[in-house]
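This briefing goes through one protein chain by topic. Look at the sequence and the model first, then read the points below.

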Amino acid sequence: MTATETPSHTAQWRNFLKSCGDITAVSQPFLLSGSLTRVTGLVMEAVGLKLAVGSGCTVLLPNGNRVEAEVVGFHDDRLYLMPTSDVFGLTAGAKVVSWDGAGVLPVSSDGRNPGRRASDRITRFPVGNELLGRVLDGTGRPLDGLGPLKVEQGARPTEQSLNPLDREPINQILDVGVRAINALLTVGRGQRMGLFAGSGVGKSVLLGMMARYTSADVIVVGLIGERGREVKEFIEQILGPEGLARSVVVAAPADTWPLMRLQGASYATSIAEYFRDQGKNVLLIMDSLTRYAMAQREIALAIGEPPATKGYPPSVFARLPRLVERAGNGIKGGGSITAFYTVLTEGDDQQDPIADAARAILDGHVVLSRQLAESGHYPAIDIEASISRAMTGLVRPEYFEQVRNFKRFYSRYQRSRDLISVGAYSSGTDPLLDRAIALYPRLESFLQQSMFERADYTDSAAGLGALLASNIN
């Protein structure tokens, strides 16, 4: 090669490399793939791929449709996949494609999220201020018909929890707008509370009251595993337009696949974490923690994990604290996530394994009584069985003594209720019970509240003091 030929030769190579770059830009990248070998119940088995647990993949069907899935386990050279959409049309030998780290998913039939990476759809979900006022499914796809999300940020649904020594302590009272909770079960910013209830005792109504009246910058609602009918009712009748404007709703109803229910709970928590990291005070409402545990039980049993306590595998009890511990206060000077998790008690059994596990990892619990609900007492909060573990650090000692006196009078009356109702108790026998009998109508009235009535913390605390100081003849 002569020196005079070098510039021409170099120009030819540049043109050649440019043409190669143009071809590469429009071509599909090399993708790892395997094949489907078995479908049993909820679980699909694939070979030919080596992927980490939690990786996303897509099963390509002969009719051109696809089934999104996530790796939930493996054995030797077999991968266990759990679908996030309907598996109708799957065939033996169907191609399983890994989208992690490469490839752009073609535009979906509904036109949403064009060009978005499939791995992002499964392992990174959209977060941002643009989510306020929106209703999403467990993977971040809109359900409200308001168009696609226009967000650039994404969060993994399994973010690591904060170092416990970096968290700011719970030292600020949170006004939830419910008199019985404000006065007798005072909640602090960053506290995690359980709402323990059977079916049909006013759990959703109480959640709605807190969603409307709680002093929070942002509300994140996770409707996990509940009836699909309740999603629209909660949004329109309980939240309303004003409440929805400062809320994000993540809905994964009972008819969705168990992996979607798991992802829905984690996604709702990721959204709350995003706003907390922006310095905002977030109210996280999750209905329900029990359905989250049931979804994990379905997955664990399907891939062969042995059942332990009442049919629940050990992984269920390992996942619960990992989810709950993500809520709470952030670093000092930052935001907070105050969380209310509903826990369904089968047959009103407070010793249900999920209820017992939740009670141990939460910062308090509010128990709803079926007996009170059936008598027309709303909200049906069983004050004797409920507790706020952070309350002693939030209120003055003299006020806490008033709370103890209220519970003492109320409990004393309840224990003697049968004797009083049949006229077997003689006045003057027990001075404490005499005082409880005189106060009981006012105690009971204090605990009741209309769903459209807001009772702020200051008025609730003042009302408690006035009630106990009153002279009743």
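Helix axes are lines fitted to C-alpha atoms, for helices over the stretch in contact, and angles run from 0 to 180 degrees between N-to-C directions. Helices (H or I, at least four residues) and strands (E, at least two) are DSSP runs, numbered from the N terminus. The model is predicted: local features need pLDDT of at least 70, side-chain atom pairs count only at pLDDT 80 or more, and totals for chains, interfaces and linings use all residues. Residues are numbered from 1 along each chain as its sequence is written, and side-chain values use heavy atoms, with hydrogens and water left out.

**The chain as a whole**

- The protein chain has 14 helices and 19 strands.
- Of its 473 residues, 50% are buried; buried means under 20% relative accessible area, exposed over 50%, and partly exposed in between (1.4 Å probe, protein chains only).
- Contact means heavy atoms within 4.5 Å. Among contacts between residues at least 6 apart in sequence, 70% join residues at least 24 apart.

- Helix α4 (residues 203-213) is largely enclosed by the rest of the structure, because eight of its eleven residues are buried.
- The buried residues of α4 are Lys 203, Leu 206, Leu 207, Gly 208, Met 209, Met 210, Ala 211 and Tyr 213.
- These buried residues pack against α3 (179-184), β12 (192-197), β13 (218-224), α5 (228-245), β15 and β17 (336-344).
- Two packed helices are described by the angle between their axes and the distance between the axes.
- For α4 and α5 the angle is about 45° and the axes are 10 Å apart.
- The helices α4 and α5 are therefore oblique to each other. Angles under 35 degrees count as roughly parallel, over 145 as roughly antiparallel, 65 to 115 as roughly perpendicular and the rest as oblique.
- The crossing of α4 and α5 is right-handed. A crossing is left-handed if the near helix is turned anticlockwise from the far one by less than a right angle, and right-handed if clockwise.
- On the α4 side the contact involves Ser 204, Leu 207, Gly 208, Ala 211 and Arg 212, which meet Glu 230, Phe 234, Gln 237, Ile 238 and Leu 239 in α5.
- By class, this contact of α4 with α5 has five nonpolar, three polar and two charged residues. Ala, Val, Leu, Ile, Met, Phe, Trp, Tyr, Cys and Pro count as nonpolar, Asp, Glu, Lys and Arg as charged, and the others, Gly among them, as polar.

**Helices α13 and α14**

- The axes of α13 (residues 431-447) and α14 (residues 457-469) come within 10 Å and cross at roughly 160°.
- The two helices α13 and α14 are therefore roughly antiparallel to each other.
- Their crossing, that of α13 and α14, is right-handed.
- From α13, the contact uses Arg 435, Leu 439, Arg 442, Leu 443 and Phe 446; from α14, it uses Ser 460, Gly 463, Leu 464, Leu 467 and Leu 468.
- Six residues of the contact of α13 with α14 are nonpolar, two are polar and two are charged.

- Val 135 lies in strand β8 (residues 135-136) and counts as buried at 8% relative accessibility.
- Leaving aside neighbours within four places in sequence, Val 135 is in contact with Arg 141, Pro 142, Leu 143, Asp 144, Ile 235 and Val 249.
- Tyr 413 is in helix α11 (residues 397-415) and is buried, with a relative accessible area of 12%.
- The C-alpha atoms of Tyr 413 and Leu 433 are separated by 6.5 Å, although the two residues are 20 apart along the chain.
- Apart from neighbours within four places in sequence, Tyr 413 is in contact with Ile 420, Leu 433, Ala 436, Ile 437 and Tyr 440.

**Backbone details in loops**

- Most residues other than glycine have a negative phi, and most peptide bonds are trans.
- Asp 76, in the loop between β4 (66-75) and β5 (78-83), is not a glycine but has a positive phi of about 55°.
- Asp 76 counts as exposed, at 67% relative accessibility.
- The peptide bond from Asp 287 to Ser 288 is cis, with omega near 15°. Ser 288 lies in the loop between β15 (281-287) and α7 (289-302).
- Another cis peptide bond joins Tyr 378 and Pro 379, with omega about -10°. Pro 379 lies in the loop between α10 (370-374) and β19 (387-388).
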